[in-house]
Amino acid sequence: MEKPVETRRLTKRYGRTVVVRDLDLTVEPGEVYGFLGPNGAGKTTTLRMLLGLVRPTSGSALLRGRQPGTGGHLDGVGALVEGPAFYPYLSGRDNLRVLAHHAKVGRKRVAAVLDTVDLADRAGDRYSTYSLGMRQRLGLAAALLKDPALLILDEPTNGLDPAGMADMRALIRALAREGRTVLLSSHLLGEVEQVCDRVGVLSHGELIAEKPVGELASGGTLRVVADPAD
Ligand code: ATP
């Protein structure tokens with residue numbers, strides 16, 4: 001069976017700087033994989049290569065068996081990787097309807113995803129009135145419009161307050177229970193412990209450790225990247 005995510009010796013250089021080096025990353029169907037590393041480790045660059053937004057210097061990146069840029073590469077994939085371009089003066093619902101129109105998705109689906117991310121009550125309010133947590137959840141709703149089997153989320157709780165973080169983490173777990181595969185990046189060890197099944201630690205562009213979350217005992221390399229506040 002093809003893997004949701006599979007990279008082979010994936011490498012990205014900018015000039016002389018190697019940002020991602022020989023990365024072999026495999027995400028299994030149905031798992032929540034946490035890509036853990038401090039700022040600048042190369043997480044965003046890796047996710048952007050998977051999505052075809054950044055071209056690898058060498059190596060390969062496959063999503064559901066397909067290479068970036070090939071037809072249908074992103075079929076079945078939902079992503080939250082950068083502040084999505086929502087219109088501030090449109091409501092959350094109307095913003096999703098614009099995206100749904102382009103994605104050829106019906107209004108029922110818009111209502112369903114708003115419900116999933118717990119925004120149904122505020123769906124009629126302007127996007128500009130939304131908190132950061134609500135904006136992130138609307139971004140997730142947009143990623144869910146086409147009912148993807150795989151979700152790629154770049155630091156989905158970044159900048160959120162504790163309640164917003166808790167909501168987002170619970171939501172990700174709920175989406176995983178529905179059978180979706182999730183690849184998410186984080187710089188918080190506590191977060192991947194709560195949310196993920198397996199974790200890979202990226203340091204200076206290299207995968208230096210990979211373990212099921214249950215085996216994340218104290219000590220060792222993994223603590224090095226733990227957020228001191230966590
Ligand atoms: P963050 O949490 O800050 O997003 P990250 O682990 O996602 O961290 P990346 O954003 O992938 O890290 O960046 C890894 C390194 O690559 C950083 O040192 C960054 O400065 C560098 N980098 C990223 N994009 C470019 C670019 N377009 N040109 C040059 N260097 C870049």
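**Exercise 1.** Which strands does helix H1 (residues 43-50) lie across, and at about what angle does H1 run to E7?

*Solution.* The model is a predicted one. Step 1: helix H1 lies across strand E3 (32-36), strand E6 (150-153), strand E7 (181-186) and E8. Step 2: the angle between H1 and E7 is about 150°. Step 3: the covering of H1 can be examined residue by residue. Six of the eight residues of H1 are buried, and the helix is thus mostly covered. These buried residues are Lys 43, Thr 45, Thr 46, Leu 47, Met 49 and Leu 50. Step 4: just after H1 comes Gly 52, whose phi is positive, at about 80°.

**Exercise 2.** State the order of the strands in the open sheet of six strands, and explain why one side of strand E5 and of strand E9 is left without a neighbour in the sheet.

*Solution.* Step 1: the order is E5-E6-E7-E3-E8-E9, and the pairing is mixed. Step 2: strand E5 (77-80) and strand E9 (206-212) stand at the edges and have a single partner strand each, so one side of each lacks a neighbour in the sheet. Step 3: on average, neighbouring strands of this sheet are turned by 15° against each other, with direction ignored. Step 4: one pair may be followed in detail. Strand E8 (residues 198-203) pairs with E9 in the antiparallel sense, over six bridges. Within this pair, Gly 200 has Glu 210 in E9 as its bridge partner.

**Exercise 3.** Describe how helix H4 (residues 132-144) and helix H5 (residues 162-177) pack.

*Solution.* Step 1: two packed helices are described by the angle between their axes and the distance between the axes. Step 2: for H4 and H5 the angle is about 15° and the axes are 11 Å apart. Step 3: angles under 35 degrees count as roughly parallel. H4 and H5 are therefore roughly parallel to each other. Step 4: their crossing is right-handed. Step 5: H4 contributes Gln 136, Arg 137, Leu 140 and Leu 144 to the contact, while H5 contributes Asp 167, Met 168, Leu 171 and Leu 175. Among the residues of this contact, five are nonpolar, one is polar and two are charged.

**Exercise 4.** Determine how helix H3 (residues 107-116) and H4 are oriented to each other, and name the residues that meet.

*Solution.* Step 1: the axes of H3 and H4 come within 9 Å and cross at roughly 135°. Angles over 145 degrees count as roughly antiparallel, and 65 to 115 as roughly perpendicular, with the rest beyond the roughly parallel class being oblique. H3 and H4 are therefore oblique to each other. Step 3: the crossing of H3 and H4 is right-handed. Step 4: from H3, Arg 109, Val 113, Leu 114 and Thr 116 meet Leu 138, Ala 141 and Leu 144 of H4. The residues of this contact comprise five nonpolar, one polar and one charged.

**Exercise 5.** Is Arg 169 buried or exposed, and which residues does Arg 169 touch?

*Solution.* Step 1: Arg 169 has its place in helix H5. Step 2: buried means under 20% relative accessible area. The relative accessible area of Arg 169 is 11%, so this residue is buried. Step 3: not counting residues up to four places away in sequence, Arg 169 touches Thr 157, Leu 188, Glu 191, Gln 194 and Val 195.

**Exercise 6.** Describe the hairpin of E1 and E2, and then the surroundings of Arg 21.

*Solution.* Step 1: strand E1 (residues 5-14) and E2 pair in the antiparallel sense over seven bridges. In this pairing, Arg 13 stands opposite Val 18 in E2. Step 2: two residues lie between the strands of the hairpin, and Gly 15 in the turn has a positive phi of about 60°. Step 3: Arg 21 is in strand E2 (residues 17-27). Arg 21 is partly exposed, with a relative accessible area of 38%. Step 4: leaving aside neighbours within four places in sequence, Arg 21 is in contact with Leu 10, Thr 11, Gly 205 and Glu 206.

Definitions and conventions
Residues are numbered from 1 along each chain as its sequence is written. This is a predicted model: local features need pLDDT of at least 70, side-chain atom pairs count only at pLDDT 80 or more; totals for chains, interfaces and linings use all residues. Side-chain values use heavy atoms; hydrogens and water are left out. Two strands pair if DSSP finds at least two bridges between them. Helices (H or I, at least four residues) and strands (E, at least two) are DSSP runs, numbered from the N terminus. Axes are lines fitted to C-alpha atoms, for helices over the stretch in contact, and angles run from 0 to 180 degrees between N-to-C directions. Contact means heavy atoms within 4.5 Å. A crossing is left-handed if the near helix is turned anticlockwise from the far one by less than a right angle, and right-handed if clockwise. Ala, Val, Leu, Ile, Met, Phe, Trp, Tyr, Cys and Pro count as nonpolar, Asp, Glu, Lys and Arg as charged, and the others, Gly among them, as polar. Buried means under 20% relative accessible area, exposed over 50%, partly exposed in between (1.4 Å probe, protein chains only).
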